[in-house]
There are 2 protein chains.
Amino acid sequence: MDHKIVGKSTQRLDAVAKVTGRAMYTDDFFERDMLVGKVLRSPHAHARVLRIDAAKAKALPGVVAVLTPADLPKIKFATAGHPWSLDPGHRDVEDRLILTEKARFVGDAIAAVVAEDLLIAEKALHLIEVEYEVLPHVLTAEDAMQEGAPLLHENRPGNIVSSFGVQFGDVEAEFQAADLVFEGDYETSIVQHCHIESMSAYAFVDSDGRVVVNSSTQIPHIVRRIVAQALGLSWGRVKVIKPYIGGGFGNKQDVVVEPLAAAMSLAAGGRPVRYCMTREEVFIDTRTRHGMKLHLKTALTQDGTLKGIHMQVLSNTGAYASHGHSIAMSAGGKFRPLYDFRAIKYEPKTVYTNLPVAGAMRGYGTPQIFFALESHLDDIARKLELDPIELRRKNLIKLGHQDPLTKNVVRSFGIPECIEKGKELIHWEEKKQAHKGQTGHLRRGLGMALFAYASGTHPVALELAGARIVMNQDGSVTLQVGATEIGQGSDTVFAQITAETLGLPVDMVHVVTTQDTDITPFDSGAYASRQTFVTGIAVRKAALEVRQKVLEVATRRTGLAVAEMDIRDRMIVETSLGRTVCSLEDVAMDSYYDRLLAAPITSDTSANVRINAMSYGATFVEVEVDTQTGRVEVTELWNIHDSGTIINPKLAEGQVHGGVSMSLGAALLEQMLFDPLTGKPLNPNLLDYKLPTVLDTPKINAAFVETFDAAGTFGSKSLGECPTISPAPAVRNAVLDATGVAFHKIPLYPQVVFEKFREAGLLAERSVQHV
Amino acid sequence: MDHKIVGKSTQRLDAVAKVTGRAMYTDDFFERDMLVGKVLRSPHAHARVLRIDAAKAKALPGVVAVLTPADLPKIKFATAGHPWSLDPGHRDVEDRLILTEKARFVGDAIAAVVAEDLLIAEKALHLIEVEYEVLPHVLTAEDAMQEGAPLLHENRPGNIVSSFGVQFGDVEAEFQAADLVFEGDYETSIVQHCHIESMSAYAFVDSDGRVVVNSSTQIPHIVRRIVAQALGLSWGRVKVIKPYIGGGFGNKQDVVVEPLAAAMSLAAGGRPVRYCMTREEVFIDTRTRHGMKLHLKTALTQDGTLKGIHMQVLSNTGAYASHGHSIAMSAGGKFRPLYDFRAIKYEPKTVYTNLPVAGAMRGYGTPQIFFALESHLDDIARKLELDPIELRRKNLIKLGHQDPLTKNVVRSFGIPECIEKGKELIHWEEKKQAHKGQTGHLRRGLGMALFAYASGTHPVALELAGARIVMNQDGSVTLQVGATEIGQGSDTVFAQITAETLGLPVDMVHVVTTQDTDITPFDSGAYASRQTFVTGIAVRKAALEVRQKVLEVATRRTGLAVAEMDIRDRMIVETSLGRTVCSLEDVAMDSYYDRLLAAPITSDTSANVRINAMSYGATFVEVEVDTQTGRVEVTELWNIHDSGTIINPKLAEGQVHGGVSMSLGAALLEQMLFDPLTGKPLNPNLLDYKLPTVLDTPKINAAFVETFDAAGTFGSKSLGECPTISPAPAVRNAVLDATGVAFHKIPLYPQVVFEKFREAGLLAERSVQHV
């Protein structure tokens with residue numbers, strides 16, 4: 001299609017605001033009489049609070065309020081940022097209170113202080129006396145499932161949050177009939193999002209008695225609901241504002257700080273209270289990515305045709321459910337529209353343990369699943385002496401594939417081209433040749449991995465998005481969406497969709513970037529890679545409605561039927577003649593000032609998007625492994641994406657850079673460590689937690705195979721989370737290729753690699769060779 | 001009709017915000033790096049600027065920019081806050097620049113400074129050297145119309161801005177045929193609005209390069225246009241925010257400080273610049289109420305039947321047109337739907353002089369016209385020895401009257417009842433008896449006067465109003481309007497209209513009180529007593545649309561046709577049975593979360609209101625005149641209003657209190673004084689300008705005759721400006737009644753009264769009597 005704006009690398013709308021420091025984040029706002037809130041956290045991984053004595057803390061000058069569980073409503077609520085469901089069976093697990101009388105992990109919030117300043121608040125925390133009854137704790141899913149394991153939530157029959165899996169076909173029959181059955185175990189570690197901006201919110205009670213929360217969140221409309229639920233308020237009595245935010249990656253798709261911030265303000269007579277977490281608090285008491293243990297058992301024919309797979313997943317969700325149940329279930333569905341298994345049995349167990357809470361993080365469990373699956377496929381290929389690429393290629397689904405469970409249809413499938421392009425770009429064959437017969441302690445290897453991902457959550461959850469457009473007198477428009485710009489560039493993409501539809505330059509589309517639940521159209525927010533796909537449909541719908549109205553007003557000037565006209569470059573054009581008949585500004589002015597017919601052109605619409613589109617892609621990577629030190633270096637990396645039409649190549653490339661970097665961190669460096677005896681976090685800070693810096697990050701190359709998906713706006717599909725999925729298994733496969741050593745757990749940090757090499761006898765051999 | 005909310009004295013929505021100091025006004029906001037702007041003003045009433053040397057000012061440390069006319073676009077613009085007209089013949093007079101090269105009054109803006117703080121800015125003003133060529137000036141309309149008078153605006157043929165009048169019938173024939181012809185001259189003085197909050201705005205250039213203006217204005221959407229016009233920007237490149245405002249009374253229906261504030265920011269590289277006027281600047285360089293001289297010539301029959309009137313008006317508009325042309329024209333139309341003249345010739349002349357600019361002020365010229373007419377009718381009654389009330393009653397129009405010029409139809413006419421009620425409430429007959437044969441220097445008298453006023457400006461100008469309603473999940477709604485709450489209580493009235501329509505308590509209607517032209521629906525703003533009438537129609541339309549959608553969603557639960565249901569007390573009711581079928585919250589939740597049909601219930605609508613409704617009323621007053629000191633004291637006052645259905649009695653009463661107080665100020669105390677030689681203002685401050693304080697203000701009594709006008713929402717008509725019209729002539733007529741002395745000019749301040757009494761011989765007589 002011939003687009004003027006879509007497909008162009010329009011500059012981000014927020015570029016200037018962000019580089020000049022004009023962008024205002026939650027912590028940049030200040031309210032008169034603002035107070036500070038701080039939290040007292042449990043030093044024990046599992047302990048009952050027997051007594052809290054806050055008298056000394058309350059007596060400290062400058063302390064305005066001390067909150068304990070006794071001061072708060074006893075309403076259990078869920079924090080996961082999902083749309084509400086009218087079906088109680090589809091709701092998130094309501095398993096927590098704002099402050100708890102039973103600590104379930106080291107750092108669980110027991111009490112809170114509201115004070116005039118931070119110093120007083122910190123001091124007051126030390127003055128609160130808490131008497132605990134320390135309970136035995138469990139840190140691993142396996143232990144938590146043991147008979148007689150300490151029970152985290154008394155009202156539940158055990159520590160399993162959810163074991164909701166899916167299956168189709170007869171997997172046992174496939175194993176029976178198979179030429180070969182392979183099994184493998186894989187494991188991923190607990191990692192953290194490490195968004196630059198901390199979790200932060202402030203709340204106050206406005207002069208109407210409503211609770212106003214300003215928060216760094218991906219999901220303002222959901223925060224509104226959950227704050228109301230947690231406090232027992234009518235939902236309309238809460239208002240949430242989301243200003244610019246400094247990253248979220250799913251951590252801010254959870255309602256973590258807002259209910260407590262609101263409770264703090266209510267305890268302080270409605271005065272504004274800021275509750276901003278330190279980095280350590282972010283590590284401990286926000287959300288993590290689930291560490292998973294996966295057992296894969298695969299049936300196939302001698303020639304490498306995949307027949308059936310049984311995937312067992314053990315997902316450690318920490319002390320509260322958050323997204324846990326949903327992640328394990330959702331992530332298992334993503335490989336089905338990639339590989340054409342005849343039978344699948346997907347058996348996840350999400351288990352409570354006395355660790356920090358795991359929740360949503362870019363990829364939503366899919367990186368763990370694909371780490372296992374794509375490692376497994378390479379292990380199979382190696383065993384069968386098949387080319388791992390050919391093994392995959394042979395088993396791909398076909399265009400038009402319909403998932404037997406979700407009923408989602410694959411309307412575009414660029415994987416074959418992604419593979420071709422990846423091989424070509426990394427010079428796969430040439431490098432394969434060059435690597436042959438390598439000697440020395442530095443060994444190069446090639447690896448690749450595929451992935452599939454969805455665009456939004458249909459049909460699992462509701463996909464509702466709102467968009468509002470108002471045309472100004474000069475023909476420029478203002479666009480409001482409930483979808484949130486969280487750094488991914490969604491505002492820019494929405495502006496491009498609007499501009500393309502209305503024949504406007506992008507700088508004539510003004511996007512209101514702050515969401516305010518009183519003002520902004522409803523939208524569930526930024527997650528599930530849904531913004532361009534789901535909200536894009538709403539924005540396009542609103543823009544088309546405005547276009548229709550513009551042309552209807554133009555008929556008054558031109559006499560031409562709406563169908564005979566188009567808007568091009570701010571002009572109304574008679575399509576068949578290519579003749580300009582009047583300007584868009586003329587029409588806009590008529591809409592405002594025609595004495596008889598004035599009615600400003602606006603659209604206020606919503607889209608309930610009941611379709612999905614699968615995105616695909618591949619990572620191709622070359623690594624150099626130092627067998628003496630265990631250091632793995634990525635020497636070349638290509639991520640090739642089929643995300644349908646790319647609305648903004650530069651922003652798309654940015655998404656790939658960020659996502660790949662996150663996956664490389666998980667593959668090579670990152671993991672949260674806990675003392676196995678006490679459950680205490682060992683590295684809850686950016687010094688000890690090894691987040692890759694720019695110096696640790698290789699050049700990341702992005703390429704796109706542009707397909708057209710009929711479900712998406714201008715053919716587009718999701719991209720946001722996609723790049724985070726396949727790099728880790730590709731790196732792991734490249735290490736296997738380089739060294740013959742199959743790692744089954746990430747991260748491949750030097751110590752682990754070194755030890756495994758020693759076990760494999762690689763090290764002795766080398767030291768002999770080189771000493 | 002049976003209303004639950006309409007007609008009740010709901011508490012103002014902003015009551016708590018205002019009494020607790022939480023309401024944020026323009027000056028309460030602060031932007032990082034904010035600068036201060038100050039203006040250099042002409043010391044001459046009329047002078048050409050030959051040279052400006054800003055070098056020394058620019059060199060002063062802390063000065064960021066100095067603006068002179070040479071630095072600004074040479075685009076003449078109009079400041080009057082009217083909707084734009086597509087017809088160039090209907091536009092306001094474009095006669096000014098942001099800074100002028102020719103001073104046309106003492107205080108005209110010549111140059112401006114932008115500096116780090118106020119002190120530096122003030123210092124810098126003194127360092128700007130200006131060389132003037134002083135020109136002869138004129139201060140009165142008569143002088144300005146003289147042959148050879150100094151011309152204020154070179155591109156115009158003379159100093160008359162406009163002489164657009166109207167006539168119908170043959171007024172000369174009526175004079176010929178009349179039994180009697182009376183003539184009288186009347187005069188009003190220049191007064192000022194004296195809103196508590198000064199004129200203030202700040203502007204900055206946002207990261208998109210758009211100009212953002214935060215302003216204390218009644219008309220944010222018009223400010224946007226005029227700032228853009230003055231600076232030669234595309235209208236969509238300007239954004240205007242109106243927070244809480246501390247009164248306007250029409251002065252802020254003019255775009256006074258905003259273009260310069262924007263220019264200051266542009267000169268300072270887009271940094272935020274605040275331009276807040278001192279009280280003296282408000283007196284000198286905002287707007288005033290036109291001083292008018294009126295000559296009335298009336299034909300009537302022996303029995304007091306009014307036949308024809310010729311009204312000549314000389315309106316002194318000062319140095320720039322502002323609203324001048326429109327006011328003189330508009331005000332002359334208001335008495336036509338009150339008294340049934342067969343012929344009217346209305347001949348206004350609006351004239352430039354070298355005085356501060358006159359503009360819109362509560363009543364928009366009507367107080368001047370009715371002061372003359374109602375004084376004139378009492379003069380006639382006195383001459384004919386008729387009862388002044390009977391004279392009026394005899395000549396009233398009838399219900400259904402259609403104005404021959406505007407074609408507006410009188411659909412409700414409560415004047416006869418207002419007269420009855422007023423007489424009764426003030427005990428007219430009893431007091432008349434009691435006053436008979438008074439002696440001594442304290443004399444009591446009774447006076448009354450009538451008025452008529454319109455609701456909005458139809459058919460003179462466009463009446464377009466927007467309203468947007470979003471229903472929350474709990475059934476509460478958020479309402480956004482472009483109409484502006486300026487203290488009159490419009491937000492509360494809109495909430496009542498919405499609540500009544502949707503079966504909600506008022507506290508479930510959340511009104512967004514800040515207008516932001518990027519976000520808020522379009523509306524021309526607060527003037528012409530149009531908010532309840534015009535915007536009320538838009539709000540009602542939006543609420544009805546929401547109601548319709550609610551009932552449509554309800555049909556999914558109930559199966560009942562929309563017409564069979566109603567919303568009552570947050571419940572959906574089957575009307576015929578009075579049976580509750582489900583809750584409004586159920587419906588709202590369905591609208592958000594129904595998997596198949598989710599679509600939040602919203603309305604985003606506008607109303608182009610092409611109808612008008614006349615409001616009416618009367619003042620009845622008793623005064624006590626001290627003939628020795630000239631002091632006039634109002635001892636009892638009743639304002640009786642026919643404003644149709646009263647939506648909120650308490651707020652309506654508040655409007656009457658404020659309006660009457662303003663009229664009493666004009667009647668007895670207030671006037672701006674100028675040195676006749678230099679044109680310099682003599683009392684531009686609240687010490688020397690005698691604004692009545694609460695100690696000067698009598699108890700003001702309000703009463704209502706509630707009619708139902710089919711044109712207005714729930715039968716309502718305008719009220720905002722109405723109370724400001726009839727008190728002044730009623731007081732003047734009461735003084736006439738008390739003393740027999742007919743005053744023809746207001747204010748009746750003691751010195752004037754004293755002197756006139758001496759002329760009339762009253763004083764001598766008394767002093768003899770009492771010494």
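**Entry: a lysine to begin with**

I first asked: does B:Lys252 count as buried or exposed? B:Lys252 has a relative accessibility of 1%, so I noted it as buried. For the word itself I used these cut-offs: buried is under 20% relative accessible area, exposed is over 50%, and partly exposed is in between, with a 1.4 Å probe and protein chains only.

Before going on, I wrote down that this is a predicted model, in which local features need pLDDT of at least 70 and side-chain atom pairs count only at pLDDT 80 or more, while totals for chains, interfaces and linings use all residues. Residues are numbered from 1 along each chain as its sequence is written, chains are lettered from A and ligands numbered from 1 in the order in which they are written, and side-chain values use heavy atoms, with hydrogens and water left out.

**Entry: salt bridges**

I searched the whole structure and got 92 salt bridges over all chains. The term stands for a side-chain nitrogen of Lys or Arg within 4 Å of a carboxyl oxygen of Asp or Glu.

B:Lys252 turned up again here, in a salt bridge with B:Glu197 at 3.3 Å from N to O. This pair links distant parts of the chain, 55 residues apart: B:Glu197 is in the loop between β9 (180-187) and β10 (200-205) of chain B, and B:Lys252 is in the loop between β12 (238-242) and α7 (258-267) of chain B. The element names come from DSSP runs numbered from the N terminus, where helices are H or I with at least four residues and strands are E with at least two. B:Glu197 is buried as well, at a relative accessible area of 12%.

Next I looked at B:Lys239 and B:Asp518, a salt bridge whose closest N and O atoms are 4.0 Å apart. B:Lys239 belongs to strand β12 of chain B and B:Asp518 to the loop between β21 (515-516) and α15 (531-558) of chain B, so the bridge ties together parts 279 residues apart in sequence. I found both B:Lys239 and B:Asp518 buried.

I also noted B:Arg12 with B:Asp14, whose closest N and O atoms are 2.6 Å apart in their salt bridge. B:Asp14 counts as buried, at 4% relative accessibility.

**Entry: rings**

Rings of Phe, Tyr and Trp (its six-membered ring) pair if their centres lie within 6.5 Å; planes under 30 degrees apart are stacked, over 60 edge-to-face, and the rest tilted.

Which pair joins two chains? A:Phe522 is in the loop between β21 (515-516) and α15 (531-558) of chain A and B:Tyr593 is in helix α16 (residues 584-593) of chain B, so this pair does. Their arrangement is edge-to-face, with 6.4 Å centre to centre and 85 degrees between the planes. Both A:Phe522 and B:Tyr593 are buried. They also belong to one aromatic cluster with A:Trp84, A:Trp235 and B:Tyr592.

I then looked for a charge over a ring, meaning NZ of Lys or CZ of Arg within 6 Å of the ring centre and within 35 degrees of the ring normal. The charged end of B:Arg96 sits over the ring of B:Tyr320, 4.3 Å from its centre. B:Arg530 has its charged end over the ring of B:Tyr527, at 5.3 Å from the centre.

**Entry: the two chains together**

I superposed chain B on chain A with a rotation of 180 degrees and 0.0 Å of shift along the axis, at an RMSD of 0.0 Å. That is the relation of a two-fold axis.

For contact I took heavy atoms within 4.5 Å. By that rule, 56 residues of chain B are in contact with 56 residues of chain A. How many salt bridges are there between chain B and chain A? The count is zero.

Conventions
Copies are superposed by least squares on the C-alpha atoms of residues with pLDDT of at least 70 in both.
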